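Welcome! Here is a short briefing to read alongside the sequence and the 3D view.

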Amino acid sequence: MAKRNQYLIPIILVTSLFFLWALLHNINPILIPHLRKALQLNDTQSSYIDVAVAVAYFVIAIPAGLFMHKFGYKKGIITGLVLYVIGALLVIPAASSRDYVFFLTAFFIIASGATFLETVANPYISVLGDKDTSEQRLNFAQSFNGVGAFLAPIVGGQVILSGIEHTPEELSAMTATQLNQYLQYEADSVKIPYLIIAGVVALLILLFLAVKLPEVKADDSELHGAPSSFSVKVLRHKHLSWAVFAQLLYVGAQVGIGSFFIRYAKFVADVNEKDAAFIWGSIAMVGFMVGRFVGTFLMRYIKAAKLLSLYSVISILLLIVSVAFEGSVALYALAVVPFFMSIMFPTIFALGIKGLGEETKIASSFLVMAIIGGAIIPTIMGYISDQTGSIQVAYIVPILCFLFILYFGIKGHRISTETR
């Protein structure tokens with residue numbers, strides 16, 4: 001009981017971090033159209049916001065893991081929070097100057113901080129307590145990521161978007177002074193939200209500095225041989241290698257399903273973009289949030305790997321309906337998929353690092369790097385859509401992703417006595 005109480009405050013504080021990277025990822029659908037308008041960007045240029053975030057995750061994950069390996073969990077968390085604050089504060093002068101490169105630099109720094117936090121927080125939650133309930137504990141913490149995913153676009157839309165949309169003809173009719181004032185007004189709307197974000201994260205820094213976090217040493221008893229140095233050699237553990245690939249496919253499937261949903265809704269059911277966005281927010285993202293809490297509860301009775309396998313099968317069946325049928329049946333089948341995707345990231349993560357002892361830290365870096373799948377799989381889906389003229393056909397790609405995740409849940413997660 002004393003040990004459990006020792007972990008209570010650290011678990012609460014670390015769980016709060018999961019909201020921060022949810023905020024980063026899920027406010028982008030608001031920022032992309034907003035900055036496209038405020039900075040007069042084209043579609044390709046506005047997509048660089050997502051690119052800046054994805055590149056940060058890919059580039060910073062290994063340095064974050066190295067830092068954590070050398071200096072421990074607490075310093076890794078504080079470093080991530082400091083980077084997050086710096087990036088959030090840089091958004092303010094970026095807005096004043098309306099310099100897109102400045103904005104991208106700020107978002108890259110915020111994402112770098114989030115990469116530190118995600119690289120540290122996922123394995124730290126896993127080792128803060130009984131190793132037999134690590135998947136349940138991580139899913140519970142990730143549930144607050146789901147809350148962030150639900151709240152970020154709603155709150156962001158209210159405080160950032162002005163609702164003012166001028167046609168190109170109206171803009172061209174403005175004087176240079178009027179146009180500059182309008183564009184500056186739009187750009188300035190991000191200042192207060194990011195100032196508040198910086199203030200909240202700064203408060204978290206003070207809390208983490210004030211609280212003593214246990215520097216838990218992971219159990220090496222399940223490792224075969226001595227723990228290796230902090231290197232790519234950690235991938236000799238087959239269950240980790242499979243987990244990294246499964247995570248890449250999962251993140252790619254998740255991003256792809258969401259990114260093309262509005263276009264898919266128009267294609268299969270002739271639903272306009274506003275109604276499609278409402279369906280995505282009110283059904284898919286609420287389902288994603290609720291699914292994390294439900295999944296955490298079910299793991300008290302069903303082993304994590306079995307639940308992952310079951311949810312993979314259900315996701316595959318729903319996607320088959322989405323590809324094979326049209327109309328509301330296909331649309332709502334797809335909208336339900338996020339409920340069953342909800343447990344996948346934290347469950348794959350927890351199963352991937354299981355039994356790795358002190359190698360958990362470098363393993364975490366590779367699993368976070370796998371988020372680059374969010375740039376790869378949607379690109380493949382987009383290419384298929386362009387070549388076939390059907391966004392519906394492109395949803396075959398997530399089916400293939402979930403088939404591999406099913407394999408991981410059935411067999412790939414098992415800790416082997418042999419290493420590569």
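This is a predicted model: local features need pLDDT of at least 70, side-chain atom pairs count only at pLDDT 80 or more; totals for chains, interfaces and linings use all residues.

Residues are numbered from 1 along each chain as its sequence is written, and side-chain values use heavy atoms, leaving out hydrogens and water.

**The whole chain**
- The protein chain has 20 helices and 0 strands (DSSP runs numbered from the N terminus: H or I of at least four residues for helices, E of at least two for strands).
- Of its 420 residues, 54% are buried (under 20% relative accessible area; exposed is over 50%, and partly exposed is in between, with a 1.4 Å probe and protein chains only).
- Among contacts (heavy atoms within 4.5 Å) with a separation of 6 or more, 84% join residues 24 or more positions apart.

**Helix 12**
- In helix 12, residues 261–269, the buried residues are F261, Y264, A265 and V268.
- They sit on the same side of helix 12, because they cover an arc of only 100° around the axis (taken from the directions from the helix axis to the C-beta atoms).
- In general, an α-helix has 3.6 residues a turn, so residues three or four places apart point the same way.
- After helix 12 comes D270, with a positive phi near 55°.

**A residue in helix 4**
- V51 belongs to helix 4, which spans residues 48–71.
- V51 counts as partly exposed because its relative accessibility is 44%.
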